[in-house]
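Hi,

Here is the structure I promised to pass on. Have a look at it, then read on for my notes.

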Amino acid sequence: MGGSEVHRTWPAPHHFLGSSRRLALSGRQLCHTGFMSDTIFVLNGPNLNLLGQRRPEVYGYTTLHDIERMVRERAADHGFDVEFMQSNHEGALVDEIQRARTRGAAIIINPAAYTHTSVALHDALEAAELPVVEVHLSNVHRREEFRHHSFVSPQATAVIAGAGAYGYVMAVDFLAQHLAE
Ligand SMILES: O=C1C[C@@](O)(C(=O)O)C[C@@H](O)[C@@H]1O
């Protein structure tokens, strides 16, 4: 992958087993490419692999692994699968948004520092034509001025900031309701 490291975890084993509950709750959506998907892509930007160690007074003690578990559980409750990844590289995040474009029902993204700099993420999300929830653990609007502007928000269906790790769970709940509309 051209030297850019992508931390991707594949669906937990129970997602392959299926259950009558999951079938009954299937969140399957028709993508604009004509592909049926019940997968929510969850993307995490630079330095979020350090959650739990990095400035816990700002970002909390919950690790990205904990967040992944929370998201998978809540998504399964709603009948969705999850593709969860983290990368410190802008291009890898663009590649993943392009995967979501043809295989996903929706995107949850914490673009981290790229929120404030990345026209490439803006353009990739625009091209994806999917519901997008932008999540920030911290309330970026209470922080330094350079964090107040987001290149991602114009492409977001909803923005959640300052709710900590729970913001990801809120994003799943929102998307389940939004996609059912
Ligand atoms: O890395 C991050 C994390 C962040 O996206 C958040 O989740 O609060 C906020 C960004 O400003 C920062 O660069």
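Below is what turned up, starting with the annotated sites and ending with one more residue.

Keep in mind that this is a predicted model. The UniProt record, an unreviewed entry, puts the feature "binding site" at Asn-110, His-116, Asp-123, Leu-137, Ser-138 and Arg-147. Those positions span 38 residues in sequence and their farthest two C-alpha atoms are 24.2 Å apart, so they do not all gather at one spot.

I looked at two of them in turn. His-116 sits in the loop that runs between strand 6 (106-110) and helix 6 (119-128). Its relative accessible area is 14%, under the 20% cut-off, so His-116 counts as buried. Not counting residues up to four places away in sequence, His-116 touches Val-140, Phe-146, Arg-147, His-149 and Phe-151. Arg-147 is itself on the UniProt list.

Leu-137 is also in a loop, the one between strand 7 (132-136) and strand 8 (158-161). Leu-137 is buried, at 5% relative accessible area. Leaving aside neighbours within four places in sequence, its contacts include Leu-48, Ile-67, Asn-110, Gly-162 and Tyr-168.

Two of those names come up again around Asn-44, which belongs to strand 4 (residues 39-44). Asn-44 is buried, with a relative accessible area of 0%.

Cheers

Notes: Residues are numbered from 1 along each chain as its sequence is written. This is a predicted model: local features need pLDDT of at least 70, side-chain atom pairs count only at pLDDT 80 or more; totals for chains, interfaces and linings use all residues. Side-chain values use heavy atoms; hydrogens and water are left out. UniProt positions are given in the numbering used here, feature names are shortened, and annotations may be inferred rather than shown by experiment. Helices (H or I, at least four residues) and strands (E, at least two) are DSSP runs, numbered from the N terminus. Buried means under 20% relative accessible area, exposed over 50%, partly exposed in between (1.4 Å probe, protein chains only). Contact means heavy atoms within 4.5 Å.
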